[in-house]
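Thanks, everyone. Let me put the model on the screen, and then I'll walk you through it.

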Amino acid sequence: MTLSKASSVETHATGGTLFGLMSSLLDALDKPLLVADRSGRVLFANLHAQDALHWKDETEDVKPNLFRDVLHVDAKGLFGQLERGEQEVNLPMESIGGLARARIRWLPEPDWLVIFAEPAPLRAPVDQDQMRQTVNDLLQEREITYRNLLAAYLRLQEVNRQKTVFLGSAAHELKTPLAVMKGYYDLMLSGSLGHLTEKQRDILQESKQSCDRLVRLVSTFLNYTALESGKLVLQFQDNDILDCLNDVVIRWKEAFQRANVHLEASFGEDLPIFKFDYPKIQQCVTNLMDNALKHTPSGGRVTLEVRAHFWERRVSPVTPPKERRGARRPQANSVIVSVSDTGLGISAEYHQEIFEDFMRVDPSSSGMGLGLAITKRLIQAHHGKIWVDSEPGRGSSFKFLLPTKVEAYTYA
């Protein structure tokens with residue numbers, strides 16, 4: 001059916017010339033356009049709409065109804081949506097090119113509907129059963145992946161546990177014979193078993209040094225396995241940090257003299273008596289001094305410094321921050337211990353890595369790379385903090401803080 005523009009809109013509503021002009025403008029639109037009244041009677045259809053709906057082939061006696069023949073919807077339901085305030089309603093419609101989408105707007109004053117037709121957005125056919133099966137497959141795959149990761153994690157945990165058990169067993173087996181060997185070296189070097197020539201004494205002295213290095217290595221393994229297994233228990237008692245570190249200096253003085261490295265010790269005034277594990281702090285300083293001695297060339301210098309310190313990251317819950325800032329001299333709440341050397345130094349990219357297990361910056365150096373890792377764990381067990389300041393060619397300075405009043409301070 002061909003909808004003539006003169007008959008499609010009531011001639012008494014507009015003049016012929018004006019209507020013809022409006023019809024020409026609407027025919028120029030590149031989209032199909034329909035105008036219908038409340039009853040569904042099509043008042044106007046531009047050329048694109050007539051082509052899309054193939055109305056030219058119909059007889060003129062049959063007038064299509066918008067709701068019945070085009071949209072296939074109930075008029076009351078459609079007007080109900082529009083009258084509730086919806087500016088536009090989108091409905092599917094059929095055209096020669098296939099399924100299209102009708103964008104429907106309502107003009108309240110003349111009570112007309114304006115319909116723009118456009119191609120429907122392409123959508124892949126949705127198969128609910130296939131989608132459900134795909135989702136189930138993805139869930140099963142995720143579950144399998146999770147189980148595999150969990151199994152791999154448990155295997156790694158078991159391997160790590162076996163490694164720790166092996167290190168602990170080997171260290172315990174070596175501890176007793178090494179103690180016997182060390183005792184015999186001391187006995188022979190004391191002259192109790194007879195006179196020694198100078199060459200014999202040098203050989204025994206060198207052998208004793210190697211034995212001492214093995215003893216320290218075994219001790220490192222034992223401490224590492226205790227930390228890994230969670231069996232290490234710290235004994236916090238009131239101790240004097242000055243006496244604690246003085247013992248370390250005396251014990252290491254001979255080793256520094258043999259290596260021709262000058263050892264200096266600087267202790268601050270008013271060092272407090274506070275709770276810490278005496279042998280474990282000695283072990284921490286020993287590890288730092290051992291590293292300093294190994295990486296300081298002959299003629300160099302290693303300095304041990306201890307002083308009282310105010311740790312600003314620890315805030316007293318009973319002292320307001322404003323009062324602390326107003327104080328001239330904040331009361332010390334920790335001690336800072338530093339071991340500095342004049343060695344080769346450490347690049348900045350290794351400042352964090354050197355505290356990891358089995359990490360050695362110089363692979364050719366002796367040791368297992370556990371000294372600093374154990375030291376860090378022991379300092380953290382004291383609620384302290386350890387770090388390094390170093391630059392290549394300017395030596396290194398390892399420092400750690402120990403809080404003197406753990407129960408009165410919390411981390412900021």
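One term before anything else: buried here means under 20% relative accessible area. By that cut-off, helix H5, residues 75–83, has the buried residues Leu78, Phe79, Gly80 and Leu82. After H5 comes Gly85, with a positive phi near 115°.

Now, the overall picture. This is a predicted model. The protein chain has 11 helices and 14 strands. Of its 412 residues, 34% are buried. The chain exposes about 25600 Å², and carbon and sulfur atoms supply 54% of that. Take the contacts between residues at least 6 apart in sequence: 66% of them join residues at least 24 apart.

How far to trust it? The mean pLDDT is 79, and 82% of the residues reach 70 or more. Over residues 1–15, though, the pLDDT is below 50; that stretch still has 34 contacts beyond near neighbours in sequence. Where pLDDT is low, the predicted coordinates should not be read in detail.

So let's go to E13 and its partner. E12 and E13 pair in the antiparallel sense over 6 bridges. They form a hairpin with 5 residues between them, and Gly393 in the turn has a positive phi of about 85°. Which side chains of E12 are buried? Ile386, Val388 and Ser390, pointing to one face.

Trp387 has Lys399 as its bridge partner in E13. The side chain of Lys399 also meets Asp389 in a salt bridge, 3.6 Å from N to O. Lys399 lies in E13 and Asp389 in E12, so this pair ties together parts 10 residues apart in sequence. Both ends are partly exposed: Lys399 has a relative accessible area of 23%, and Asp389 has 38%.

Next hairpin. Strands E1, residues 33–36, and E2, residues 42–45, pair in the antiparallel sense over 3 bridges. Leu34 has Ala45 as its bridge partner in E2. There are 5 residues between the strands, and Gly40 in the turn has a positive phi of about 100°.

What does Glu83 form a salt bridge with? Arg38, with the closest N and O atoms 3.0 Å apart. That links distant parts of the chain: Glu83 is in H5, Arg38 is in the loop between E1 and E2, and they are 45 residues apart. Glu83 is partly exposed at 46%, and Arg38 is partly exposed at 35%.

The structure holds 15 salt bridges. Another one joins Asp186 and Lys208, at 3.7 Å between the closest N and O atoms. Here Asp186 sits in helix H6 and Lys208 in helix H7, residues 198–229, 22 residues apart. Asp186 is partly exposed at 31%, whereas Lys208 is buried at 15%. These two belong to a network of salt bridges linking Lys182, Asp186, Lys208 and Asp212.

Last stop: a nonpolar patch on the surface. Tyr146, Leu150, Tyr153 and Leu154 form it, with about 430 Å² of accessible area together. Leu154 is in H6, residues 128–189, and is partly exposed at 48%.

How values were computed: Residues numbered from 1 in each chain as written. Predicted model: local features only at pLDDT ≥ 70, side-chain atom pairs only at ≥ 80, totals over all residues. Heavy atoms only, no water. Helix = DSSP H or I, 4+ residues; strand = E, 2+ residues; numbered from the N terminus. Buried < 20%, exposed > 50% of the residue type's maximum accessible area, 1.4 Å probe, protein only. Contact = heavy atoms within 4.5 Å. Areas by Shrake-Rupley, 256 points an atom, 1.4 Å probe, with all protein chains shown as cover. Patch = residues over 30% accessible without salt bridge, like charges linked within 9 Å, V, L, I, M, F, W, Y side chains within 5 Å. Salt bridge = Lys/Arg side-chain N within 4 Å of Asp/Glu carboxyl O. pLDDT = per-residue confidence, 0-100. Pairing = 2+ DSSP bridges.
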